[in-house]
Amino acid sequence: MKPSGNQPPADTLAEKAPHRIQVVFRQPERVKLPETLSEKVRTTAPGNVAAAFDELEKLIGLQEAKKLMYEIHALLRLNKEREKHGLKLEKQVYHMVFKGNPGTGKTTVARIFGKIFREMGILSKGHLIEVERADLVGEFIGHTAQKTRELVKKAMGGILFIDEAYSLARGGEKDFGKEAIDCLTKALEDYSNDFICILAGYTDEMDAFLELNPGLPSRYPIQLQFADYTVDELIKIAETMVEGKEYRLSTGAKDKLRLHLSRIRQDMLETNFSNARYVRNSIEKAIRKQAVRLMTVPEPTKDDVMTLKPEDFVWTAS
């Protein structure tokens, strides 16, 4: 652009004022503040805790479980600040009830919770002891209490995860399952800060179980609902699974799997759909089908042995 008649050229100004200091004002770059709860955790948690949270965050769905652990992290962080001011610390009970259908991530979440609680300093070990009715209930008087105490001892410093916990109350008054519940209740009172107990099972059955035992809800104040995965979430889980096995889904295979899952999810008669477990079983079956299909290929390429095609996915009911 040519200078106007009243404005001398820039080079002329420089010649007349060679020692002029030119100051350029730049606006400071904006630092993006954390927006989501997970981002806030990453900016406030120590490296070891943040790494444990990353493992939880990578799981598909499970927003309620993630939110719970972020809240616990925030509480522990606030407790440190309260301690600086000489205020009382908020102590909570972390025994939990996990409710939901099979394959919704209950056991996986419990295992990761153990790691996070260890890094937070709530648990000394963070390991997971997974048991069911047969592991707790004995065959004669006194045997149940002995088995239950031994399992609680193994769980010290970690998590005792009782799957299908409602089955402990199914045998009636004379059943030894009630003895297991009583023994476990006493352990919660005696070692409340030394381990965490998680009861897990189908939603309706767990609700009925808790109603039959009025003292249990107060001892298990945290109740998490594990919702069934959506079809989109199941497809993401499938992609993660095949990637971990160094396979891939062709576009056609993914479409066929999506259509099948949509039909299964819409089938009102399919009351025991096993969610991610169903996807895993479907993929493992497809891998076997692919192996048989490639038997007739003399020298399969890398792409051949990695790719799962539509014809590899076969379901009896489809």
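How many helices and how many strands are there in the protein? The predicted model contains 14 helices and seven strands, and the views below take up parts of it in turn.

**View 1. Overview of the predicted model.** Of the 318 residues of the protein, 38% count as buried. The protein exposes about 19,900 Å², of which carbon and sulfur atoms supply 51%. When contacts between residues at least 6 apart in sequence are considered, 72% of them join residues that are at least 24 apart.

**View 2. The buried residues of helix 3 and what covers them.** Helix 3 comprises residues 47-57, and within this helix Val49, Ala50, Ala52, Phe53 and Leu56 are buried. Because these residues cover an arc of only 160° around the axis, they lie on the same side of helix 3. The cover over the buried residues of helix 3 includes helix 2 (37-44), helix 4 (63-84) and helix 5 (106-120).

**View 3. The largest nonpolar core, with the surroundings of Phe113.** This core has 55 residues, and those with the most contacts inside it are Phe53, Phe98, Phe113 and Phe117. Helix 5 gives the most to this core, contributing seven residues. Phe53 is also one of the buried residues of helix 3.

**View 4. A second, separate core.** This core consists of 26 residues, including Leu160, Leu168, Phe195 and Cys197.

**View 5. Helix 13, its length and its two sides.** Helix 13 runs over residues 275-293, and at 1.5 Å a residue its 19 residues should span 27 Å, which agrees with the 27 Å that separates its end C-alpha atoms. Buried in helix 13 are Asn275, Ala276, Val279, Ser282, Ile283, Ala286, Ile287 and Gln290. These residues cover an arc of only 145° around the axis, and therefore they are placed on the same side of helix 13. On the other side of helix 13, by contrast, Arg288 and Val292 are exposed.

**View 6. The packing partners of helix 13.** Against which elements do the buried residues of helix 13 pack? Their partners are helix 11 (231-244), helix 12 (251-266), helix 14 (302-306) and strand 7 (307-308). Ile283 and Ile287 are among the buried residues of helix 13.

Terms used. Residues are numbered from 1 along each chain as its sequence is written. This is a predicted model: local features need pLDDT of at least 70, side-chain atom pairs count only at pLDDT 80 or more; totals for chains, interfaces and linings use all residues. Side-chain values use heavy atoms; hydrogens and water are left out. Buried means under 20% relative accessible area, exposed over 50%, partly exposed in between (1.4 Å probe, protein chains only). Helices (H or I, at least four residues) and strands (E, at least two) are DSSP runs, numbered from the N terminus. The arc is that of the directions from the helix axis to the C-beta atoms. Contact means heavy atoms within 4.5 Å. The expected span of a helix is 1.5 Å times one less than its number of residues. A nonpolar core is a set of buried Ala, Val, Leu, Ile, Met, Phe, Trp, Tyr and Cys residues joined through side-chain atoms within 4.5 Å. Accessible areas come from the Shrake-Rupley method with a 1.4 Å probe; for residues, only the protein chains shown count as cover.
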